[in-house]
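Let's read a protein model together, one feature at a time. Have the sequence and the structure open as we talk.

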Amino acid sequence: MSLPKVAVVGYPNVGKSTLVNRLTGTRETVVHEQAGVTRDRKEVEAEWNGRRFLLVDTGGVDLEDRNSLARSVQLQARHALGEADVVVLVVDSRAGMRPGDAELAAELRKADVPVIVAANKVDDVRQEPDAAEFYALGLGDPIPVSATQGLGTGDLLDRVAALLGDAVEPDAGDEPPRLAVIGRPNVGKSSLVNRVLGEERVIVADEAGTTRDAIDTRVEVDGRPLILVDTAGLRRRGKVAGTVDWYAQLRSQSAAERADVALVVCDASEGVTSDDLRVAEMAMKSGCATVLVLNKWDIEDVDLEFTRARVAQKLRLRPKVMTASAKTGRGVKRILDEALVLAERVTQRIPTPELNRFLADLQATRDPPAVRGKRLRIYYMAQYDVRPPRFSIQVNDRSLLTRSYGFFLENRLRGRYGLEGVPLVIDYKTS
């Protein structure tokens, strides 16, 4: 059982995303003075007087716009309406009623779902009479609100909660693993997400930078729940400073920080570029396990062994490099299986006796280093935390540990327990 959904719809640039952020008390959705920032539908959990529900932010709907991207935005909004228990139609009280508002209202009057009209941009109580104009939409009493100031939002939430009623809510339960799909623009992240979900959940277009919000979607893989997060393409910060893409990238980085596993999607026609390595490094520093995915494998064939060797040389975490095609579906199931395995390994605990057997085998393979005639002695190893896995090793003198032996131990630990791509923290302590 899922939470009830409240779709927030309206003409472009009426303040839908700002209102969603205000009602949820978050900054989840990208907000900018530029019109048409929101494109995909984004669900954000909200609570009012103990009633939990999902607010679904949608892109601006202009039914007269026949552009292919605009039509995709309209389709996403219609999906949101089809799943909604309540609809909030946001209008601009400053601009007054426009033809686009009337066209949307005409469609909503035919729907079998209650509709609330929120007259936004009423930033002063003296402007509240301006909302009366929207009685003409035929959708009941408009509620004057200000997304920026918060005026009237309590009344709006009261109306939403009343229409939702006292439906039984699902138990919170354990949060399933979170898988973030990240990478440079136009490498096929959204196509890969849609392939996994089996539907056009996020908009795909030829132009780079179509996705702007981080879109969370719950899915099951072989009966195991998973939260899949599509993200905006990551560029170098200097190229996007001050633009809409800057705020979109902040959401992408935040998605990586909250994820258990990151799929770093690369374009197989280009191989793994220096920018791909930079994105992977960012994901690893955020503390999530990482897999590199060469997408578009159906149309390109690169030297996979060379690529894997280069990644192992450049990235300390030695993540796996896998191939897939979002277009045909080839390799996608295998990548998801690997991601679920890594999500488990990020949280697994290795028994202390097993770790000390590992230490014994390691020292039998290669003696610890000797510095200035004094040899490093390793006594004991234990794991003390997860997410990411953290280990403590007791030694006779930490200053005797060389960089090369530290890397040797870390790489052998990864190989022994399948921790390639998993961030590890190893503390050496002098006993």
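This is a predicted model: local features need pLDDT of at least 70, side-chain atom pairs count only at pLDDT 80 or more; totals for chains, interfaces and linings use all residues.

Q: How many helices and strands does the protein have?
A: Helices (H or I, at least four residues) and strands (E, at least two) are DSSP runs, numbered from the N terminus. Here there are 12 helices and 17 strands.

Q: How much of the protein is buried?
A: Buried means under 20% relative accessible area, exposed over 50% and partly exposed in between, with a 1.4 Å probe and protein chains only. Of the 431 residues in this protein, 53% are buried.

Q: What is a nonpolar core, and which residues have the most contacts inside the largest one?
A: A nonpolar core is a set of buried Ala, Val, Leu, Ile, Met, Phe, Trp, Tyr and Cys residues joined through side-chain atoms within 4.5 Å. The largest has 51 residues, and Leu-409 and Leu-413 have the most contacts inside it. Helix H10 (residues 332–347) gives the largest share of this core, eight residues. Another core, of 26 residues, lies apart from it and includes Val-272 and Leu-304.

Q: Which residues does Leu-413 touch beyond its neighbours within four places in sequence?
A: Contact means heavy atoms within 4.5 Å. With those neighbours left aside, the partners of Leu-413 include Leu-355, Phe-358, Met-381 and Phe-391.

Q: What span does H10 reach?
A: The expected span of a helix is 1.5 Å times one less than its number of residues. H10, with 16 residues, reaches 23 Å from its first C-alpha to its last, close to the 22 Å expected. Among its buried residues are Ile-335, Leu-336, Glu-338 and Ala-339.

Q: How do I read a pair of aromatic rings?
A: Such a pair is described by the distance of the centres and the angle of the planes. Rings of Phe, Tyr and Trp (its six-membered ring) pair if their centres lie within 6.5 Å; planes under 30 degrees apart count as stacked, over 60 as edge-to-face and the rest as tilted. The count here is two aromatic pairs. In one of them, Tyr-405 and Phe-408 have ring centres 5.6 Å apart and planes at 50 degrees, so this pair is tilted.

Q: Where do Tyr-405 and Phe-408 lie?
A: Both are in helix H12 (residues 403–417), three residues apart, about one turn of the helix. An α-helix has 3.6 residues a turn, so residues three or four places apart point the same way. Tyr-405 is buried at 1% relative accessibility, and Phe-408 is buried at 12%.

Q: Which residue lies over the face of Phe-408?
A: A charge sits over a ring if NZ of Lys or CZ of Arg is within 6 Å of the ring centre and within 35 degrees of the ring normal. Arg-366 lies over the face of Phe-408, at 4.7 Å from the ring centre.

Q: How many disulfides are there?
A: A disulfide is a pair of cysteine sulfur atoms within 2.5 Å, and the count by this rule is zero. Cys-266 is buried at 0% relative accessibility, and Cys-288 is buried with a relative accessible area of 0%.

Definitions and conventions:
Residues are numbered from 1 along each chain as its sequence is written. Side-chain values use heavy atoms; hydrogens and water are left out.
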